[in-house]
Amino acid sequence: MPDSREPQHAGDIRQAPLRTPQTVMRLARMGAFHQSRLSFMRVLLRRLKTEGWVVDRPVFDIDDRGVGVATYRARGPQATYTLVAFAHQLADDQRSDRVIAEAWDATFTLCDGEVDAAQISRLAGNVPKQEAGRIAESELVLSRANKSVRLFSHVVESLAAGHQPDPEMIESVGYLYRTTAVYGAGKFGAADRTQWSSRPEFTGSFQPEMLAVWLIRAFSIDIVEHAAQTKSPTTAVALDPDVRRRFGIGNSTGLGMAPFLINHPRLINSWIAARETALARVRALPAATLEQIDRFRHLSRRAARNAHQWHVADERQASRIDRLCRDFDWIIERADTMTPDDDMPWDGIYRAAEQALSLEGQEALVSLMFEPYADLVDGLADCMHADEDVAHRIDGTMRAADVMMMLEAQYDWTDSIDYDNPESQARVWYVSEEKLEPRLGERHEEPLEPYEQPLCPGRDAVRMCHDLASFDPDSTLGAFLLKHPEHRHMARRLQIVSKLAFGEIRDNTIGAAMIPIDLLRCKLSFFGATKFDPRSDRWLRITMYQGAPFPDELAMLDPDDLVYPPLQEACPGR
């Protein structure tokens, strides 16, 4: 990668050098990423608003117990999609976020097109069963959710009594329902990705899943207002729109998502490259207008408020949030001194931040720097996809010496890792027999090694280097693999990632010090998640769409302006 500090040109857009993979593709930094203009939720809502999508609710057949079915129909210029939501009665002792759960407060599927009574009847026999049921190619997404019982009850009681719920209690939780899985791309009978990936409304990544979650959020509000109305028909009120917008939708995510970043190098490269290109474009700007500076100042204060409202029990993350709040003091102070006369203002603030801020603060700053520049950033979202189904045929004609050079160049970061040290191979990725989900075990405590998955590219590259070193350098890769077939997966991976600047994580993914939720957070930040709440080093809760417009207000509101909470009186801590 170039290391010159001189701006370069990418077409007609000036662009500074990208940050290097050695800087970006480290787990500690990836685990500090924040949502941005390129996050998939924001991309979806911008598209729905620009294209004038309309959402209605053709069916709301929910009884006084809160049991029944509702449908949410999203109609755009070329397509219609319908979320079918089933509401259930669930005993408290059955409510679990774990993947082994067999019952939920609500279950959902996003359908391709309109739905009729016959389809709803078929879905009613399958969607509530989730993994044990089967959906069809006419469905795109399968999901389920549980209530946040404490907040749900408080909101029902408040609305039934004729007043709005406590804002502090809303902020402390952030959602009425928490999804525990959002399956797509062919799982459990759903339409394969190839059936819809070329549709313009789904350009990018995870757009059907993001649409389903946005409609689930609307359902969560409708059903809590229905419960309040049922409880007290004469006094119940609806949520005030400004209060309603503070409800997102929660999500619990565990290790099942963690290997995704390792298993999809082309896709991850497209995500990271788009983000880094956006940063490089903003850093290359020779000056900023007063309007752009004011936008940055205002959003910095709102982002700081968001940090002050971010509370977790996890000590490691709580400490990082405390530091992030102090980092925002620095960002706001710098923003207040910026003027239109400053030369290269964004490059200047970023370089200073590298020395002054934590990784959380640096990456929060990166996201904020995108905000005033929709014209430079938003179009990059169209590049954030990759066809991972394209098979890579290993080029066996490569000289062994050339393969060795590629390995040494791509995996030079492994020089600092002693894989003979038991701590460097303390973990094993495997797949559970019961749920077919990725799991992480302790290599030296459990007999898991025979089941190990190839999710440790660094160690496997070192092993391949070791065997190549004693092989004829003028021979071919094909000959080497005939003798050492155990390196085929690494040879294929090497040829793929060598063409991708950001396709490989440059850290030990099986070491004792590895923190799995860093993998989760990186992916979830690209979704647009906020309020990361680690519940251990292996699973966490998040909030999605908090602050975003609801379907009935999308035409009137700018979704990009609602990501950070309003300032109200005074920013906490300021």
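Which helix holds P241? Select P241 and you are in helix α9, residues 241-244. Helices here are DSSP runs of H or I with at least four residues, strands are DSSP runs of E with at least two, and both are numbered from the N terminus. P241 is partly exposed, with a relative accessible area of 40%. On this scale buried means under 20% relative accessible area, exposed means over 50%, and partly exposed lies in between (1.4 Å probe, protein chains only).

The model is predicted, so local features need pLDDT of at least 70 and side-chain atom pairs count only at pLDDT 80 or more, while totals for chains, interfaces and linings use all residues. Residues are numbered from 1 along each chain as its sequence is written, and side-chain values use heavy atoms, with hydrogens and water left out.

**The whole chain**

Show the protein as a cartoon. The secondary structure comes to 21 helices and 13 strands. The radius of gyration is 25 Å, close to the 25 Å that the globule rule gives for 574 residues, so the protein is as compact as a globular protein of that length. That radius is taken over C-alpha atoms, and the globule rule is 2.2 Å times the number of residues to the power 0.38. Along the principal axes, the C-alpha atoms fill a box of roughly 85 × 60 × 45 Å.

Switch to a surface view. The accessible surface comes to about 23700 Å², and carbon and sulfur atoms hold 50% of it. These areas come from the Shrake-Rupley method with a 1.4 Å probe; for residues, only the protein chains shown count as cover. Of the 574 residues, 57% are buried. Among contacts with a separation of 6 or more, 75% are between residues 24 or more positions apart; a contact means heavy atoms within 4.5 Å.

Colour by charge next. The mean positions of the 67 positive and 86 negative charges are 1 Å apart. Lys and Arg count as positive and Asp and Glu as negative, with His and the chain ends not counted. Each charge is placed at NZ of Lys, CZ of Arg, CG of Asp or CD of Glu.

**Salt bridges**

Side chains of opposite charge can pair when their charged atoms come close. A salt bridge is a side-chain nitrogen of Lys or Arg within 4 Å of a carboxyl oxygen of Asp or Glu. By this rule the count comes to 50 salt bridges.

Select D560 and R37, whose side chains meet in a salt bridge at 3.4 Å, N to O. D560 lies in the segment after β13 (540-544) and R37 in the loop between α2 (27-30) and α3 (40-50), so the pair ties together parts that are 523 residues apart in sequence. D560 is buried at 4% relative accessible area, and R37 is buried at 5%.

Move to R302 and D561, which form a salt bridge at 3.3 Å, N to O. This pair links distant parts of the chain: R302 is in helix α12 (residues 290-308), D561 is in the segment after β13, and 259 residues separate them. R302 is buried, with a relative accessible area of 5%, whereas D561 is partly exposed at 27%. Then select R37, R42, R46, E371, D378 and D560 together; salt bridges that share partners join these residues into one network.

The next stop is E157 with K231, a salt bridge at 3.4 Å, N to O. E157 sits in helix α5 (residues 149-160) and K231 in helix α8, 74 residues apart, so the pair links distant parts of the chain. Both ends are partly exposed: E157 at 43% and K231 at 48%.

**Two positive phi values**

Select F206, in the loop between α7 (193-196) and α8 (207-231). F206 has a positive phi of about 55° although it is not a glycine. The residue is buried, with a relative accessible area of 19%.

Go on to M344, in the loop between α13 (315-337) and α14 (345-356). Phi of M344 is near 50°, again a positive value in a residue other than glycine.

**Last stop**

Select D322 in helix α13. D322 is partly exposed, with a relative accessible area of 46%.
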